[in-house]
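The structure comes first, and the description follows.

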Amino acid sequence: MSQKGKAVLVELARLDAEQAQQYVPELLDLYADAYDGPPWAGNPFYSVERYAERLQDTFEMKGFEIVNAVADGDLIGTCYGVTLPPTVSWWTDLDASLPAELAKAATEGRVFWLRQMLVRKAHRRLGAGRAMHDLLCSGRDEDFVTLTVIISNEPARSAYLSWGYEVIGRMRLAPESPMYDAMARSIRSAHRPS
Ligand SMILES: CC(C)(COP(=O)(O)OP(=O)(O)OC[C@H]1O[C@@H](n2cnc3c(N)ncnc32)[C@H](O)[C@@H]1OP(=O)(O)O)[C@@H](O)C(=O)NCCC(=O)NCCS
């Protein structure tokens, strides 16, 4: 990857929850940098404090795995997820519209929930997001990957669509959160769930 003509060596590390704990201060700092603007700024749901709680909850979940991107010793990106619990409320809210193949896969623990992807502002558009996503998804046991994205969140929403994700429904994560699209695709290719 290069930045303003200068080569930047980015190392990717795939870690479990225990290993990820040591990165908590850096993850909070990264979140503060990445979410410092629209559509998140000013909404308490996206405060660093609330994020810290969600992060600890995520560490506890089955199948947690994280890919961190490090440049010159600094954490510049992260991407992590868990095996989707089929009882999570945003997923059950989609019940009526879920493709049958996907609904069945979730009850069998075959859906990976990509919970977060962040890249520090100064390191964007260099391919770190895509590289972390692809490494995290490779080698997972699940058959599908799902995520949620705020409908106005660009470039993330368009990037997911260009990577083969399809919108499978629309909902809020919490009453105070904005509207999200739920998306899914095969974890190994752009195969569409039927
Ligand atoms: C979304 C995010 C993680 C992407 O990280 P990144 O390292 O810049 O991503 P990449 O360089 O791998 O680019 C991803 C894709 O988006 C496109 N893209 C990235 N930034 C773009 C921009 N500003 N304008 C247009 N397209 C853009 C790229 O062309 C790329 O597509 P490709 O893989 O087909 O080439 C980063 O923008 C970010 O941290 N955003 C804030 C947090 C966020 O929205 N996270 C997602 C929550 S669901």
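What are the helix and strand percentages over residues 10–184, and how far apart are the end C-alpha atoms? Over residues 10–184 the chain is 32% helix and 30% strand, with 28 Å between the end C-alpha atoms. Helices (H or I, at least four residues) and strands (E, at least two) are DSSP runs numbered from the N terminus. The model is predicted: local features need pLDDT of at least 70, side-chain atom pairs count only at pLDDT 80 or more, and totals for chains, interfaces and linings use all residues. Numbering starts from 1 along each chain as its sequence is written.

An unreviewed UniProt entry places the feature "domain: N-acetyltransferase" at residues 10–184; such annotations may be inferred rather than shown by experiment.

Around the ligand there are 17 residues, of which Arg124, Gly129, Arg130, Pro155 and Ala159 come nearest. A residue is near a molecule if its C-beta atom, placed from the backbone, lies within 6 Å of it.

| Element | Residues |
|---|---|
| β6 | 111–119 |
| α6 | 128–137 |
| α7 | 156–162 |

Buried requires 20 or more other C-beta atoms within 10 Å of the residue's own, and exposed 12 or fewer.

Leu9, in the loop between β2 (6–7) and β3 (10–15), counts as exposed because it has 8 C-beta neighbours inside 10 Å.
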